[in-house]
Amino acid sequence: VQLQASGGGTVQAGGSLRLSCSASALSAYAVGWFRQAPGRECQFVAAIGWNGQSTRDVDSVKGRFTLSRDNFKNTVYLQMNNLKPEDTAVYYCAAEYGRSLYPPTSFTYWGQGTQVTVSS
C-alpha cells in the first residue's frame, strides 16, 4: 500500500492543522501517525483501528489531537488543535493490515512525511 500524507504547514502557536493520510484500500488497515523532530528519535503520536472504533495516543497530545477516518474515501485524518512549538516535526503516517479490535503497536507500511512547523 502506498501512503500519501498531506496537510502540513506553518502555523502560530495555538493554531490548528489537519493532516490526511490516503491510500487505496486503506479501509482494511489500521493507521498510525508518528513524528520526528530534528535531532530526535521518531515518536509515536496516535493510531486508529481499521473501523475507527478504537484509538490510542500519547499523553502529550491528549485533548489536542483527534484521529478519525472515512473509509469510503480511504483516508485517515489527524486533527491537531492548540498546536505548540514542541509539536514541530515531520509527521509520518503508517499502516498495518488487519481488522483487530485495537490498533497495533507496529506498522509495516510507511508514507513520506509532511512538515509541521509551529511558531511561538
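Modeller: Let us begin with Asp-59, which is placed in the loop between β6 and β7. Strands (E, at least two residues) and helices (H or I, at least four) are DSSP runs, numbered from the N terminus. The model is a predicted one: local features need pLDDT of at least 70, side-chain atom pairs count only at pLDDT 80 or more, and totals for chains, interfaces and linings use all residues. Residues are numbered from 1 along each chain as its sequence is written, and side-chain values use heavy atoms, with hydrogens and water left out.

Biologist: Is Asp-59 buried or exposed?

Modeller: Asp-59 counts as exposed, at 65% relative accessibility. The classes are buried for under 20% relative accessible area, exposed for over 50%, and partly exposed in between (1.4 Å probe, protein chains only).

Biologist: Changing topic, how many helices and strands does the protein have?

Modeller: There are zero helices and 11 strands. 

Biologist: And what are the overall dimensions?

Modeller: The C-alpha trace spans about 40 × 25 × 25 Å along its principal axes.

Biologist: What percentage of the residues is buried?

Modeller: Buried residues make up 43% of the 120. As for contacts (heavy atoms within 4.5 Å), 56% of those between residues at least 6 apart in sequence join residues at least 24 apart.

Biologist: How many salt bridges are there?

Modeller: The structure holds three. A salt bridge here is a side-chain nitrogen of Lys or Arg within 4 Å of a carboxyl oxygen of Asp or Glu. 

Biologist: Which residues are linked in a network?

Modeller: Salt bridges link Arg-35, Arg-64 and Asp-87 in a network. Asp-87 meets Arg-35 at 2.9 Å, N to O. That pair joins distant parts of the chain, since Asp-87 lies in the loop between β8 and β9 and Arg-35 in strand β4 (residues 29-36), 52 residues apart. Asp-87 also meets Arg-64, at 2.7 Å, N to O. Here too distant parts of the chain are linked: Arg-64 is in the loop between β6 (55-57) and β7, 23 residues from Asp-87.

Biologist: What does Asp-57 form with Lys-62?

Modeller: Asp-57 and Lys-62 form a salt bridge, with the closest N and O atoms 2.6 Å apart. Asp-57 is partly exposed, at 24% relative accessible area, and Lys-62 is partly exposed at 46%.

Biologist: On to the cysteines: which of them form a disulfide?

Modeller: Cys-21 and Cys-93 do, with their sulfur atoms 2.2 Å apart; a disulfide is a pair of cysteine sulfur atoms within 2.5 Å. The pair links distant parts of the chain, Cys-21 in strand β3 (residues 17-22) and Cys-93 in strand β9 (residues 89-97), 72 residues apart. The link is right-handed, with 70° about the S-S bond. Cys-21 is buried at a relative accessible area of 0%, and Cys-93 is buried at 0% as well.

Biologist: What about Cys-42?

Modeller: Cys-42 is in no disulfide, and the nearest cysteine sulfur, that of Cys-93, is 12 Å away. Cys-42 is partly exposed, with a relative accessible area of 37%.

Biologist: Finally, how do β7 and β8 run, and how many bridges join them?

Modeller: Strand β7 and strand β8 (residues 75-80) run antiparallel, joined by six bridges; two strands pair if DSSP finds at least two bridges between them. They form a hairpin with four residues between them, and Asn-74 in the turn has a positive phi of about 50°. Phe-65 stands opposite Met-80 in β8.

Biologist: Which residues make up the covered face of β7?

Modeller: Phe-65, Leu-67 and Arg-69 form the covered face of β7 (residues 65-70), while Thr-66, Ser-68 and Asp-70 form the uncovered one.
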